[in-house]
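Biologist: Could we go through this model together, beginning with the terms and then turning to the sheet and the interface?

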Amino acid sequence: MAAGMTQKRSIFLFWVLILVPALFMSGAAYRLLSHEQDRISRSAREALMERAAAISETIHMTVDTVKHNLIQSLMAIDPGMLNPTLLDWEKTNPLVRNVFIFEPKEALLYPEKGMAATPEQQQFIARFDALFSGRMTFDHLERDGGREPPRGMAAGRTAANVRQRDARRQLVTLSRADRSPAARIGAPAQMETLESATSPEQGVTSGWLPWFSENRLHVLVWVQSQATSQVYGLEVELVTLLSRLVVDFPAMEDAGSAIVLTDGSGSVIHQSGQLKISPEIRPLSQVAVSRLLPHWHMAIYMDEDRPGGARGFFYLSLILVGIFMAAILSGGILLTRMTLANMKDARQKTSFVSSVSHELKTPLTSIRMSAELLLSGRVSDEKKKDRYLSVIVSESERLTRLINNVLDFGKLEQGRKQYRLAPVVVDRFLTELIEAHRVRITALGLKILTRIEPGDFRIRTDRDALEQVALNLVDNVLKYAGTGDFIKFVLKRQDRAVLLTICDDGPGIPKALQEKVFDKFFRVDSSLTATQPGSGLGLSISRRILRDLGGDLYLETGKETGCCFTARIIDHDTDNDSGGGR
Amino acid sequence: MADGIQNKARGVVTIAGLLVLGLVLVMVAGMSQAAAASSKVICTVETDRAVLPAGESQDGVLKVTLDAPPVPAGTRRPGVNLALVLDQSGSMNGTKMEQAKAAAVEALNRLGRQDVFSVVVYDTNVHTIVPAQSAGYVDRIIRTIENIQAGGNTALFGGVSQGAAEIRKHLENDFIHRIVLLSDGLANVGPRMPEDLGRLGAALFKENIAVTTVGVGTDYNEDLMARLAQNSDGNTYFVESGVDLPRICAAELGDVLNVVATQVNVTITLPDDVTPVKVIGREGRIMGQRIELFMNQLYGGQEKYALVEVALPAAREGDQLKIAQAEVHYQDPFNNQPEVSRGTSHVSFSHDPVQVKQSANRDVVREYQLNLKALAQEKAIELSDEGRQPEAVMTLKESADKLKQVGRLYEDSKLIKEAEAVADQADQIEEKGMSKKSRKILRTQSYQQKNQQVSQ
């Protein structure tokens with residue numbers, strides 16, 4: 001009892017020693033990983049933002065160059081050749097959507113109102129009606145920062161650098177709702193930004209005029225010569241510009257993130273990266289692309305929770321830690337189980353040794369007593385002498401069986417048991433068995449019932465093994481069901497097998513233990529078994545032998561009292577031998 | 001006397017000999033002229049009637065026909081710069097994708113070492129899987145094409161833009177530039193309005209890049225595809241199942257490899273008293289008495305035309321009027337020289353109705369009616385989109401009646417056949433409503449008619 005307590009305590013201690021450091025370790029690992037993950041996510045986000053900012057910058061530079069070039073080209077037109085040059089541009093330049101010549105005091109000279117050649121020109125006139133009807137001047141909505149002189153390359157580069165810093169600063173997290181495109185839907189034609197510049201030495205004013213009509217961006221590039229006050233210019237074909245811009249987007253194979261160019265109404269113009277974008281998903285952050293393209297934004301999206309996404313590292317590490325913990329725990333469980341099994345084994349062996357010793361001792365005592373009595377010469381009665389001698393014989397037979405069982409058990413355990421197959425006539429074998437043990441059985445007052453069903457019982461099997469099994473079963477009946485009325489032998493043929501059933505009407509085996517009786521060293525714990533010697537090996541060995549021979553031994557279940565063991569003995573005479581017994 | 005006679009006879013022989021020589025010379029000159037003319041685009045201007053009723057102002061129809069000569073035998077055809085833009089969105093999975101790949105291989109097999117070939121695929125993103133390179137690297141390109149997998153969204157705008165970028169790598173060289181776009185779905189990434197893609201088409205046109213659009217199945221946006229093709233002067237096709245794709249691709253390549261004129265610029269000049277009313281079918285620019293039309297490419301042996309409605313002044317019996325002069329400027333891709341071809345048309349006026357009727361030009365009348373039918377089909381689509389289906393059906397039926405009436409008048413079996421087809425369409429729409437499929441058929445037929453697309 002005290003030993004059991006010590007063992008339990010040591011197992012408890014063992015678990016404490018495993019669990020506490022393991023839990024501590026996993027907690028620490030979790031914290032560490034979360035921190036590391038945050039850092040990785042942050043840097044991934046920052047890298048993506050940098051990329052978005054860089055693309056925005058490229059777009060701005062490109063658009064700025066386009067603007068610069070267009071204005072320069074417009075200024076360079078020979079005033080005498082204005083009309084044909086512009087018309088030629090309209091026809092051949094993909095960047096030019098419409099051209100116009102406008103006399104502020106008078107009217108639109110080209111395209112003429114009401115005489116517009118194509119539907120496109122009619123729409124153009126309608127779109128910019130506020131300008132061409134004189135309700136707005138080309139430069140009246142000037143912003144403070146909008147004025148900048150036409151600059152050379154060096155100046156441009158400096159400005160670009162400044163802008164790059166600006167872009168970084170502008171990179172703030174915005175929700176889409178903040179930009180309220182609805183306000184612009186209400187006022188369809190409204191000037192948003194105006195950039196214009198004056199070049200004093202040439203006496204020419206020029207500008208890049210973003211213009212919203214029907215919630216879509218249009219851009220007018222115009223030049224006004226101060227000498228004639230005539231304004232001329234062109235509408236930039238934004239689709240072309242866009243078509244050229246999107247080609248330069250970097251390819252992103254990352255499935256968990258996306259850089260998206262959106263226009264003023266928030267609809268996607270171009271996307272780089274495989275992440276699925278829907279209007280419900282908010283961008284992580286967005287940056288205005290260029291003041292030349294107002295309300296166009298570069299938004300970045302990231303799905304951090306998707307496998308392989310930014311949080312992939314975290315989940316992967318967590319899984320690894322989990323596997324590590326599981327390994328430790330299962331190691332602990334395995335050790336505990338092995339320890340418990342060892343303990344059980346040790347207990348069983350001890351009880352085995354003691355019960356076998358007891359088993360050996362009982363027949364030995366009988367033999368010794370009988371032999372001593374005979375030796376003393378005081379027994380003169382021949383009948384008594386015979387009885388003592390038969391006791392010696394039967395007890396030594398019992399001893400032999402017991403020793404055979406123990407020997408067999410060893411062989412079976414190691415798989416070294418050899419079977420010698422030979423023809424056996426089972427019904428004759430049974431009759432002989434009953435005759436041999438009739439005295440033992442009748443001595444207990446049991447009736448012998450035999451039922452041999454018609455059939456051929458000549459089979460090929462190991463006779464000795466079969467005898468051992470049958471003896472074990474009979475012994476069991478004699479040991480535990482001696483209080484009953486009968487022992488019944490039933491023999492019948494079933495396909496390749498012969499079924500030998502031995503029944504009694506003793507106290508039976510409790511249901512819960514019916515399968516356990518076949519375990520080695522197991523003995524039903526009751527007053528009955530306590531009075532009878534036994535090793536707990538008989539049934540275990542018998543089943544093992546029969547299974548080795550391809551058959552089986554089982555207990556018929558569902559009985560209240562008494563029990564029936566059936567041995568299924570396989571006939572090895574057929575060719576399709578299942579090879580059970582070697 | 002005898003001497004005199006002899007002399008006379010000798011003189012006659014000499015004269016006859018000279019005459020024969022002269023004739024031979026003229027014939028040779030004529031033949032050489034004919035040979036020269038056969039390799040040029042022939043521009044003819046015709047009116048629906050050569051004789052018009054006198055004494056009343058009226059409308060007339062002008063047909064300016066550009067008859068492209070067949071590709072001259074023995075000349076090296078100009079190189080083709082072809083970009084194939086393939087939709088690899090999830091909906092293409094299965095047969096469509098397999099057939100699209102087969103079509104790509106078909107196209108590649110028809111090109112030669114002197115041609116440039118590129119393949120762009122798009123889903124949510126755009127990838128150039130075959131950057132512009134000589135079409136001679138057949139094995140390598142086919143291997144890449146076979147590896148295309150379907151999945152994702154439809155970034156059509158990006159795909160075409162990337163295709164154009166691949167074309168632009170060789171824009172300076174003397175190639176026939178062509179993008180073939182294949183899609184089965186609605187563009188859902190990037191600009192997706194038909195107008196936007198139309199404008200992209202117009203911009204590409206200015207760079208001499210034509211976009212041919214192939215719509216597969218019944219889920220793509222036919223307006224967008226037709227507009228893109230129309231504004232860049234490419235072809236458009238509707239393929240209900242993927243099975244037809246390789247055939248379509250072959251037909252398209254047949255056109256592209258047969259280009260005999262590029263950057264075609266048609267200018268029609270009208271005399272002062274003839275007023276242009278409108279251009280039928282094509283997009284033209286009317287500037288006072290001048291009408292300008294642009295076409296990207298003309299295919300060998302095929303005919304393209306422009307129809308213009310004009311208003312004519314009242315004239316007296318017997319008057320002759322030079323009604324129009326057309327001038328076609330184009331680039332000959334075989335020698336990269338600009339070429340010009342001209343045509344004029346005259347009409348006379350008469351009070352005799354029989355003479356007027358007999359002077360009718362059936363060809364002009366037929367094509368005019370067919371183009372009106374194309375416009376009616378477009379109108380029907382528009383009406384049906386607005387939910388005015390009965391009116392859409394009515395429009396088609398009226399068009400069918402008109403075709404039948406004119407067809408009977410001029411005993412034109414083609415018109416009568418066409419009238420029956422349109423009537424069938426009208427019946428079908430009346431019965432089952434405007435299905436996706438019938439809408440696509442209407443849109444595609446209408447465009448193919450307006451563009452005189454031969455390969456279908």
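Modeller: Two strands pair if DSSP finds at least two bridges between them, and strands (E, at least two residues) are DSSP runs numbered from the N terminus, as are helices (H or I, at least four). This is a predicted model, in which local features need pLDDT of at least 70 and side-chain atom pairs count only at pLDDT 80 or more, while totals for chains, interfaces and linings use all residues. Residues are numbered from 1 along each chain as its sequence is written, chains are lettered from A in the order in which they are written, and side-chain values use heavy atoms, without hydrogens and water.

Biologist: Which residue is the bridge partner of V180(B) in β8(B)?

Modeller: Strand β7 (175–183) and strand β8 (209–216) of chain B pair in the parallel sense over seven bridges. In β8(B), V180(B) has as its bridge partner T212(B).

Biologist: Which strands of chain B stand at the edges of the sheet?

Modeller: The open, mixed sheet of chain B has six strands in the order β6-β5-β4-β7-β8-β9. Each edge strand has a single partner, so one side of each is left without a neighbour in the sheet; these strands are β6 (126–134) and β9 (236–239) of chain B.

Biologist: Which residue of chain B meets E90(A) in a salt bridge?

Modeller: A salt bridge here is a side-chain nitrogen of Lys or Arg within 4 Å of a carboxyl oxygen of Asp or Glu, and the rule finds five across the interface of chain A and chain B. At 3.5 Å, N to O, the side chain of E90(A) meets that of R285(B).
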